[in-house]
Amino acid sequence: MRIIFGILLTTTFLAITGCASDEAFKQFGNRTYFFADESDTQIATLVNGFFQDANLGVCYDNKYVYGDFNHDGLKDAAVIISENTGGNADLYELAFLINDGTKLVHKASLSLDVWAEVNSVTEKDGKVIVDMYVHQEGDCNAGPTKRVRNVYEYPGPDPELERIYQQTLGKIG
Amino acid sequence: MLKKPSDVDIWIDREKKHEHIRQALENASTYFDHNDVLDVHTLEAVYGKESSFGDSLKTRGITKAAGEFHLDKVTAERYGLSVSKENDQRFDIDCASIAAARYLKDIDYEFSKETILTAKVRTVPVTDPVEREKFDLAAYNAGPTPIATAQQLAQKAGKNPAIWDDVKTFLKAARVKADKITEIRNYVSKTLKYQDEFEKKSPADSSAKDRKIVKPKIQCTKGHWITKDHHHIFICE
């Protein structure tokens, strides 16, 4: 009985926190994300959680959560990714993948922190809660020490990401 | 009442206790030369800013930044370091400090003359080595391309692309994200502040860059790690 409870608890915990499963890794670590920032590279198709070209490096951070973030009754996803434009600074972002009725499409990203240490990602009432360590005065780059639980709401589709997506329609899977 | 020691005081204390750290940093500084203002105190400052002198190293083998100088896998491998769970030379102060010094020197060279970075982006030369160091540190943090993009935009707007204070105001126009702009600006100012303090207080020899380069012994790929006197040592099998 105790073992069954333990398994149930673990399963529930995994479902809530959205810790990576093999299936999730296949899905979120092998898909296309869009970037509308300084890099010449605006489309990054990850393979095994990783993308790298001369301008941009992108990593899927093995953390995600499902929810209905645009309140249309369909299941969306929010995924933690990091992007790097050539230095050692990795900017952690929350990427919203919105269900268009047939597939998930990267519609918006919100910045978390440079070198954030994300503990967990959960969903509540259509919002994403990210439990993480971020930097405060006196922290070295590798060791953020301020623990926060920030709540993020889907900001609506980013027109720049939308433009890039429309340009690439038909070119990517 | 006793004055609280600064970050630099704490790091110098560690450097005095573990002489090998100072030796490694001095040796790595031999990759700098008289065309730049980089020296062992630059490395001390970057080492402190990145990992608090080895206090926060993260996990071996990861793709993202890790180790003594917080280098990502791509950069570390570009400078010949082995990066795997079993043997990650980013965690070896001798190897990591050399890779960091070479990376800084390469960036310094890129900003010392016009350098093509991508099809659209090239650096604008910064002839003053003191000013150029600010660009070096910004690019160590954010990569040369966004910094050179901001230089080009500053130039177009009639500002001086060789002055960091002019260029840093164009990072937003270069479409660098807000969090990263704050990070880059703080990184440059804080690291230079650390460097000034190290110059005044550190026993490390700033003329060490005139010495002959001593390359660390080539490591094997099979073996295991031990930690001795806060120094990570790979034992070959």
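Entry 1: I began with B:A100, which touches B:A28, B:L43, B:V46, B:F69 and B:L71, leaving out residues up to four places away in sequence. Touching, or being in contact, is when the C-beta atoms of two residues, placed from the backbone, lie within 7 Å.

**Entry 2: ground rules.** I noted that this is a predicted model, where local features need pLDDT of at least 70, side-chain atom pairs count only at pLDDT 80 or more, and totals for chains, interfaces and linings use all residues. Residues are numbered from 1 along each chain as its sequence is written, while chains are lettered from A and ligands numbered from 1 in the order in which they are written.

**Entry 3: the core.** Which residues have the most contacts inside the largest nonpolar core? I found A:A78, A:V79, B:A99 and B:A100, in a core of 102 residues. Helix α5 of chain B (residues 93–112) gives the largest share of this core, 11 residues. Such a core is a set of buried Ala, Val, Leu, Ile, Met, Phe, Trp, Tyr and Cys residues joined through C-beta atoms within 7 Å. Buried means 20 or more other C-beta atoms within 10 Å of a residue's own, exposed means 12 or fewer, and partly exposed is in between. Helices (H or I, at least four residues) and strands (E, at least two) are DSSP runs, numbered from the N terminus.

**Entry 4: helix α3 of chain B.** I checked its length: the 12 residues of α3(B) should span 16 Å at 1.5 Å a residue, and the end C-alpha atoms are 16 Å apart, which agrees. The expected span is 1.5 Å times one less than the number of residues. Of the 12 residues in α3(B), 12 are buried, including B:H41, B:E44 and B:K49. They pack against α1 (7–17), α2 (19–28), α5, α6 and α9 of chain B.

**Entry 5: positive phi values.** Most residues other than glycine have a negative phi, so I looked for exceptions. Just after α3(B), B:S52 has a positive phi of about 55 degrees. B:F53 also has a positive phi, near 55 degrees, and lies in the loop between α3 (40–51) and α4 (73–78) of chain B. Is B:F53 buried or exposed? It is buried, because 24 other C-beta atoms lie within 10 Å. B:R175, with phi near 65 degrees, sits in the loop between α8 (164–167) and α9 (178–201) of chain B. B:R175 counts as partly exposed, because it has 16 C-beta neighbours inside 10 Å.

**Entry 6: where the chains meet.** I found 37 residues of chain B in contact with 26 residues of chain A. On the chain B side, α3, α4, α6 (129–142), α7 (144–156) and α9 each give two or more residues.

**Entry 7: chain A.** I read three helices and 10 strands in chain A, and 39% of its 173 residues count as buried. Three of the strands form an open antiparallel sheet in the order β8-β9-β10. Its edge strands are β8 (117–124) and β10 (146–152), each pairing on one side only; pairing needs at least two DSSP bridges between two strands. Seven bridges join β9 (residues 127–134) of chain A to β10(A). I also noted that A:V128 has A:Y152 as its bridge partner in β10(A).
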